[in-house]
Amino acid sequence: MYESTVLSTKKGAPGVVTEGLGKRYDDLWALRDLDLEVPAGAVLGLLGHNGAGKTTAIRILSTLARPTTGRAWVAGFDVSEHPREVRASLGLAGQYATVDGLMSARANLEMVGRLYHLPRAEAKRRADELLERLGLTEAADRLVRTFSGGMRRRLDLAASLVARPPVLFLDEPTTGLDPQSRNDLWDLLRELVAEGATLVLTTQYLEEADRLADGIVVLDRGRVAATGSPSELKARVGGERLEVTVGDTEHLAPAVSALGTFADGPSDADGLRVTIPVRAGTRLMEVARALDGAHVDVTDVHRREATLDDVFLTLTGADAASRKAA
Amino acid sequence: MITYVSDTLVFARRSLAHVRQIPEKLIDVTLQPLMFVLLFAYVFGGVIAIPDGSYREYLIGGILVQTIAFGIMGPANSMATDLTEGIVDRFRSLPTSPFAFLSGFMLAELAAATLAVAVMTVSGLIVGWRIESSLGSAVAGFGLLMLFAFAMLWLGTLLGLTARSPDAVMGIGFLVVFPLTFLSNAFVPAGGLPDGLQAIAEWNPISVMVAAVRTLFGNPTALPPGAAWPLAHPVPMALVWCGVILAIAVPAALWRFRARTTG
C-alpha cells in the first residue's frame with residue numbers, strides 16, 4: 001500500500017506517454033488514436049473546441065475515466081494498472097473548480113494534504129505556503145462558496161499543487177478568467193515548469209498554447225488534427241488576420257486583389273467580409289491606402305490574432321462555421 | 001489499512017465541518033424529532049385512546065422509527081450535492097480509496113442518526129415515556145433502531161447516487177417516506193383505520209419496525225386482533241426487513257457509486 005509522501009517519478013521516465021488512446025461513450029468516440037510523448041519538464045497544450053476530446057484525454061490521464069483502447073503512462077506508471085501510483089504523481093485542476101464550498105480555503109488545502117497522507121503539521125504548513133503563493137492568504141479563512149470564479153480557480157490549482165506532483169493536468173485553466181488573472185496564472189504556471197513540473201493543459205485559445213506550450217496537439221472531434229511546436233503551427237496558420245468588410249458584394253473581388261500584397265495565405269470570403277492572413281508587420285495605414293487606391297467601398301477594417309477557427313480552417317481545410325453546426 | 005482508516009476520518013471530519021457551517025443541517029435530527037414528540041404527545045395525546053396503555057408510551061416508538069425513516073433525506077441530499085459539484089473528482093484524483101470517501105460519509109451520517117435517537121429518547125422521557133422492559137431488551141431495542149438507521153442510510157445514499165439533482169432527492173424522498181410513515185401504526189393503531197388502509201398499514205414494513213421497537217421497549221403495541229403475520233411477529237420480521245433493505249441497497253449503492261464516479 002502507498003504510504004510514502006515522497007512523490008517520485010520512475011527514473012528517466014517521460015512525463016506522459018500515450019499509445020493509441022481512445023474512449024467511446026455509447027456510440028460516440030470522444031477520443032481516438034491519441035499518441036503523445038511529453039518529456040519530463042515539458043509543457044503540452046491540447047488545443048480544441050468544446051467536444052474535441054480534451055477533457056476526455058485529461059480524465060483518462062488522471063485515472064478518472066478508463067480508456068476504451070490504448071494505454072497511457074504518467075510519470076512512468078500505467079494509468080490502468082497502477083492508478084494509485086499515478087494519482088500520487090499527478091495534480092489535477094479541473095474545468096470546474098473542484099473545491100469544497102462549505103469549507104474555508106485553508107481547510108480545503110489541509111484536507112487535500114491529509115488525503116495525500118502528509119502529517120498534520122506538514123499539511124498545515126503546505127496549505128499556508130500555497131495560500132501565500134496564490135495570493136489567497138487574506139481570504140484563507142473565508143468560506144469558499146463566497147469566492148469569485150478566479151479565486152476558486154486559484155484555490156483549485158493550489159489543491160493540485162499540495163503534494164508537489166511531478167505531473168500537472170490543467171483542464172482549461174484560464175477559461176472564464178479576466179485578462180489580469182489570466183496573466184497571473186500564466187506567470188505561475190511558468191514558475192512551476194521552471195521548477196521541473198511536467199504540464200499538460202487544455203485550452204481553446206491558440207494564444208494561450210503559444211505562450212506556454214513547448215508542443216501543441218490540435219484535437220478535432222476526438223482525433224488529432226495536427227501536432228507541432230507553436231512556431232511550426234503558427235508558420236502554417238499565420239499569426240494575424242485582417243478582416244475587411246465591403247459595402248457591396250461587387251467590391252469583394254477588388255478587395256481581395258488589393259490585399260494580395262499583404263497576404264500570407266489564401267483569403268476566405270463570407271457575406272460582405274473578406275478574411276485574409278497577413279504577414280507580420282503589416283500596417284493598417286498601408287492597407288487602407290491600397291484599398292482606397294483600388295476604389296474599394298470599405299465599411300470596416302479590423303486586424304486580429306489568429307483564432308482556433310483559423311487553425312482549423314488552415315490545418316483541416318474545413319469551414320469552421322459548418323464544423324460548429326455539426 | 002491505516003491510511004484507509006485515517007482517510008475515512010478525514011472525510012468524516014469534512015462532513016462535520018459542513019455541519020459547523022450550516023447548523024440547519026442538524027435540524028432534521030434534533031429540532032424536528034423534538035417538535036414531533038411534543039406536537040403528537042400534546043395534540044393527539046388526549047384524543048387517541050390506546051387499549052393497553054397511554055398514548056405517550058405508544059407514541060415514542062413510532063416517532064423514533066419515523067424520524068429514522070426520514071433520515072434517508074440527509075445522506076441522499078449530501079451525496080447528490082457532492083456529485084453535482086464535482087468535488088468527488090478531486091477526491092478520486094488523490095491517492096486514496098474512493099471507498100474511504102463513502103465510509104467517512106457513512107460514519108458522519110451514522111453519528112447524526114445517533115444524535116437523533118438520543119434527542120428523541122430524552123424528549124420522550126420528559127413527556128412521560130418509559131422503557132418498561134429488561135435492560136437486555138432495551139439494548140436490543142436501541143440496537144434495532146441503529147440497524148434500521150444503517151439500512152436507511154444506505155437507502156438514502158442509493159437515492160442520492162440515483163437522483164439527478166439534490167432538489168429531485170427532496171421530492172422523491174418526501175413522496176415515498178411521508179405516506180409510508182403515516183400509512184402505518186406509527187401514530188395511530190392500525191385497527192382504527194378504514195379496512196383498505198388497515199391492510200396497507202398491517203403489511204407496511206414501517207409498522208413492523210414500529211411494533212418491534214415497542215415490543216423491545218415494553219410499550220403498548222395496540223396490535224389489531226388477527227393482525228397480518230409479519231406484524232404479529234414484529235421483532236424477527238423487523239430484522240428480516242433490515243436485512244432485505246441492506247441486501248438490496250448496499251450492492252446497488254456500490255454499483256451506482258462506481259458508475260457515477262468512473263467514466
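Let's start with one residue: M106(B) sits in helix α6 of chain B, which covers residues 98-127. This is a predicted model, and it pairs a chain B that has twelve helices and zero strands with a chain A that has twelve helices and 14 strands.

- Now pick out V240(B), which is 134 residues away from M106(B) along the chain. The C-alpha atoms of these two residues are separated by 22 Å.

**Chain B as a whole**

- If you walk along chain B from the N terminus, the elements read α-α-α-α-α-α-α-α-α-α-α-α.
- The radius of gyration of chain B is 19 Å, close to the 18 Å that the globule rule gives for 263 residues, so chain B is as compact as a globular protein of that length.
- How much of chain B is buried? Of its 263 residues, 46% count as buried.
- Take the contacts in chain B between residues at least 6 apart in sequence: 80% of them join residues at least 24 apart.

**Two helices side by side in chain B**

- A pair of packed helices can be described with the angle between their axes and the distance between the axes.
- For helix α3 (residues 55-70) and helix α8 (residues 166-182) of chain B, the angle is about 170° and the axes are 10 Å apart.
- Which way do they run relative to each other? The angle makes α3(B) roughly antiparallel to α8(B), because angles over 145 degrees count that way.
- Where they meet, α3(B) brings Q66(B), A69(B) and F70(B), while α8(B) brings V177(B), L180(B) and T181(B).
- Sorted by class, this contact has four nonpolar residues, two polar ones and no charged ones.

**Chain A and its domains**

- Chain A is assigned two domains: domain 1 takes in residues 16-234, and domain 2 takes in 240-305.
- How far apart are the centres of these domains? Taken over C-alpha atoms, 40 Å separate them.
- The box for the C-alpha atoms of chain A is roughly 75 × 45 × 35 Å along the principal axes.
- Of the 326 residues of chain A, 45% count as buried.
- Among contacts in chain A with a separation of 6 or more, 67% come from residues 24 or more positions apart.

- D33(A) has its place in strand β2, residues 28-38. With 15 other C-beta atoms within 10 Å, D33(A) is partly exposed.
- Although D33(A) and R223(A) are 190 residues apart along the chain, their C-alpha atoms are separated by 6.9 Å. Leaving out residues up to four places away in sequence, D33(A) touches G20(A), G22(A) and R223(A).
- V301(A) is in strand β14, residues 298-305. It is partly exposed, with 15 other C-beta atoms within 10 Å.
- V301(A) and V99(A) are 202 residues apart in sequence, and 45 Å apart in space from C-alpha to C-alpha. Again skipping residues up to four places away, V301(A) touches V244(A), L284(A), V287(A) and A288(A).

**Where the chains touch**

- How many residues are involved? On chain A there are 30, in contact with 20 residues of chain B.
- On the chain A side, α2 (83-89), β6 (90-93) and α3 (105-115) are the elements that give two or more residues. The most come from α3(A), with five residues.
- By class, this side of chain A has 17 nonpolar, six polar and seven charged residues.
- Helix α3(A) is mostly covered, with eleven of its eleven residues buried. Those buried residues pack against α4 (120-133) and α5 (149-161) of chain A, together with α1 (2-21) of chain B.

Notes: Residues numbered from 1 in each chain as written. Chains lettered and ligands numbered in written order. Predicted model: local features only at pLDDT ≥ 70, side-chain atom pairs only at ≥ 80, totals over all residues. Domains from an automatic or database assignment. Contact = placed C-beta atoms within 7 Å. Helix = DSSP H or I, 4+ residues; strand = E, 2+ residues; numbered from the N terminus. Nonpolar A, V, L, I, M, F, W, Y, C, P; charged D, E, K, R; others polar. Buried ≥ 20, exposed ≤ 12 C-beta atoms within 10 Å, placed from the backbone. Axes fitted to C-alpha atoms, helices over the stretch in contact; angles between N-to-C directions. Parallel < 35°, antiparallel > 145°, perpendicular 65-115°, else oblique. Rg over C-alpha atoms; globule rule 2.2 N^0.38 Å.
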